[in-house]
Structure formats: structure tokens, C-alpha cells
Amino acid sequence: TGPTGPYTISNDGGDCSTIGTWSSGTKTCTLNTDLSHTIKIYDSGITLDGNGHTLDTGVTATGVGSGGVLNAGTGNTIKNLTVKGYDAGIVITGNTATIKNNVLDGNYIGFQISSNTIGDGNNLVIENTIKNSLWRAFSLSNTNNNQVYNNNFISNTEKGYHVTGSNNIFNLDAPYGGNYYQNEH
């Protein structure tokens, strides 16, 4: 599936032209193919629009390996992407990321937020479906002020893990609400 990676999306587009279309004005990489290798984002203010495509290793996740999308930048958005078969579907080590409208299916961990600097965070995880995680639906460690709501957690082995962080919110007052959990252990 698609060209061979891993791929790096940067302020000048990086490898985006190999896997999609780069818009320099909005710093948006819109995928135009399914992929099977990791996408890395180190710079800031970048949007990765999966455009309905899939990032799939083609194998069952084992908990030893890499993340599907690795985000170390600040203010990045990852949306409209299906990620399958990785150690973690999406890994956030930066700040103020928005993770929206993704399907994280059959990864060892659905998504992981573990800041490079203890206490960093302020990430938004909203309107995603995290399902069939072989270990945990999510893992939050050393990170503060994240908001995780309006997500569907379906048939994950464990709900999630939260340690060494504060002010992480999993439920907002109406009309926003919390998360939906089905067949969670």
C-alpha cells in the first residue's frame, strides 16, 4: 500500500508530496493514498488530514514497535485518518494538538499522550472512535490540562491509564458531555 516510509511532515511539507497534497498557506498535508509506515510531525502548526485514508501495518499489534502518527510539535491537528496495527495509533509528545474524527482500530494502545516536558499538555482529543485496542484504549502520563471527550471507546481490553498529570478532563457539562464506552473492561 502506498510508497515506502517512514514519512516526515514539516513546515515546508517534507514528505507530504510523496503521500498527498501540501498546502503551504495552511500548512496542511492531505493524504491521497493508504499507507503502512509511520508519519512523524516535529514542526508546529501543521494539519495532517487523512482524507478518509488508512495507515495500516497489516499485522497484529504486539506492543513492541512504533506509533502510527508521532506528533512532537505544538498546535498540530490530526484528523480523518484510520490507524491500525501500531504500538500506539497516535502518540502526542507535544502541546496543544487536536486529534479529531479518527478511527484507531486494533492498535496495542489507541492513543498516547506523554509530554516531552513533564506537565506539558493542553491537547484536545474529540470525536474519535478508539476500538479493539489490544491493551489500553489510551495512556496519559506526565501531561496536564488535556480534554478527552465525545469519543467512542468500543471493545478495548482496558479503558485507559492516567498517571502523573493534573486537570485532565474526560467529561464536560452539557451540551458537550463525556465519552461513550461499549464492551469496555
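The largest nonpolar core in this predicted model has 31 residues. By nonpolar core I mean buried Ala, Val, Leu, Ile, Met, Phe, Trp, Tyr and Cys residues joined through side-chain atoms within 4.5 Å, where buried is under 20% relative accessible area with a 1.4 Å probe, protein chains only. Ile39, Leu48, Val69 and Phe111 have the most contacts inside this core. At least two core residues each come from several elements, among them strand 1 (7–9), helix 1 (16–19) and strand 13 (109–121). Strand 16 gives the most, three residues. Helices (H or I, at least four residues) and strands (E, at least two) are DSSP runs, numbered from the N terminus.

Take Ile39. Leaving aside residues up to four places away in sequence, Ile39 touches Tyr7, Ile9, Ile19, Leu31, Leu48, Leu55, Gly68, Val69 and Leu70; contact means heavy atoms within 4.5 Å.

Now the whole chain. The protein chain has one helix and 20 strands, and 45% of its 185 residues count as buried. Among contacts between residues at least 6 apart in sequence, 50% join residues at least 24 apart.

A note on conventions. Residues are numbered from 1 along each chain as its sequence is written, and side-chain values use heavy atoms, leaving out hydrogens and water. As the model is predicted, local features need pLDDT of at least 70 and side-chain atom pairs count only at pLDDT 80 or more, while totals for chains, interfaces and linings use all residues.

Methods
Buried means under 20% relative accessible area, exposed over 50%, partly exposed in between (1.4 Å probe, protein chains only).
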